[in-house]
Amino acid sequence: MAQVRNKQVILRDYVSGFPKETDMSIVESTLSLKLPEGSNEPLTGFGVARVLESGHTDYKKGDLIWGLTKWEEYSLVPSTQILSKIEHTDVPLSYYTGILGMPGLTAYAGFFELGSPKKGENVFVSAASGAVGQLVGQFAKLTGCYVVGSAGSKEKVDLLKNKLGFDEAFNYKEEPDLDATLKRYFPEGIDIYFENVGGKTLDAVLLNMRVHGRIPVCGMVSQYNLTQPEGVTNLTNLIYKRIRMQGFNVFDFFHLYPKFLEFLLPHIREGKVVYVEDIADGFEKGPAALVGLYSGRNVGKQVLLVARE
């Protein structure tokens with residue numbers, strides 16, 4: 001039974017508020033590739049891996065897979081966990097943590113299934129340079145929509161307009177009056193708001209939605225680590241404007257994954273959809289990369305490179 005030395009990222013204790021690098025430790029242990037040993041549990045996230053041993057008929061040694069794995073060099077993954085075999089290797093394997101993985105499917109399901117876009121509609125995307133937002137904007141352009149994104153730095157705004165094809169973009173940190181900002185970019189109102197941040201942005205958006213607008217609620221990153229979440233005061237607009245606002249979980253849409261691949265792979269190969277990654281190279285950079293997500297330090301999808309092929 002093979003034994004390997006295994007690095008893991010684990011939490012020292014329960015995290016209150018925003019995580020800090022000191023909340024995490026990098027530890028080494030010995031791991032059997034067949035039987036788990038009792039130890040502290042490492043963090044869990046979506047990753048790409050190669051199968052070394054398998055007791056499941058769907059997976060054999062050497063297969064490449066993506067799905068829920070742990071923050072460690074070697075993982076014992078139960079067959080009941082979400083896993084998909086990687087069949088298309090003409091694109092970077094890291095894409096299966098992003099554009100061809102959970103974030104990509106999130107953008108696809110949220111925008112097309114819940115947003116129900118129509119050609120010519122006005123689309124606003126918050127956290128638009130992130131793993132999901134950058135794809136929503138490009139999907140909107142493929143549909144023939146006008147799309148504006150918000151981000152937290154000049155570098156990200158330039159990325160949205162010059163590389164990702166957004167019609168317009170703005171730095172929300174430089175906009176003291178978000179209601180006025182949205183009226184400037186959307187004088188006729190917003191048909192679809194792809195919600196990633198919540199809080200003050202959502203409150204301003206509600207004032208600027210059009211009648212029968214749609215708001216797929218993907219995330220509210222501005223609220224996750226607050227001890228007292230911010231209130232939203234403009235919810236009556238849901239009634240006045242007959243807005244459909246719906247939260248969703250990507251796990252409800254995994255049955256669409258084959259359809260999603262069929263739609264997106266040709267666009268990637270033809271260069272019609274691009275993807276920006278921020279790669280932290282080396283296992284020891286994992287804690288800093290995670291902490292940076294909450295301050296917007298990353299540009300694009302944050303990826304931790306543990307091992308090279």
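## A tour of the aromatic rings and the whole chain

A search of the whole structure finds 21 aromatic pairs, where rings of Phe, Tyr and Trp (its six-membered ring) pair if their centres lie within 6.5 Å, and planes under 30 degrees apart count as stacked, over 60 as edge-to-face and the rest as tilted. Before selecting anything, keep in mind that this is a predicted model, in which local features need pLDDT of at least 70 and side-chain atom pairs count only at pLDDT 80 or more, while totals for chains, interfaces and linings use all residues. Residues are numbered from 1 along each chain as its sequence is written, and side-chain values use heavy atoms, with hydrogens and water left out.

**First stop.** Select W66 and Y257, a tilted aromatic pair with 5.4 Å from centre to centre and 55° between the planes. Because W66 lies in strand 4 (residues 64-70) and Y257 in helix 7 (residues 257-269), the pair ties together parts that are 191 residues apart in sequence; helices (H or I, at least four residues) and strands (E, at least two) are DSSP runs, numbered from the N terminus. Both W66 and Y257 are buried, a word that means under 20% relative accessible area, with exposed meaning over 50% and partly exposed in between (1.4 Å probe, protein chains only).

**Second stop.** Now select F170 and Y185, whose ring centres are 5.3 Å apart and whose planes meet at 15°, so the pair is stacked. F170 lies in strand 8 (residues 168-171) and Y185 in helix 4 (residues 178-185), so this pair ties together parts that are 15 residues apart in sequence. F170 counts as buried at 3% relative accessibility, and Y185 is buried too, with a relative accessible area of 15%.

**Third stop.** Which residues form one aromatic cluster? Select F46, W66, Y108, F111, F112, F139, F251, F254, Y257, F260 and F263 together to display that cluster.

**Last stop.** Zoom out to the chain, which has eight helices and 13 strands. The radius of gyration, taken over C-alpha atoms, is 21 Å, close to the 19 Å that the globule rule gives for 309 residues, so the chain is as compact as a globular protein of that length; the globule rule is 2.2 Å times the number of residues to the power 0.38. Along its principal axes, the C-alpha trace spans about 65 × 40 × 35 Å, and buried residues make up 49% of the 309 residues.
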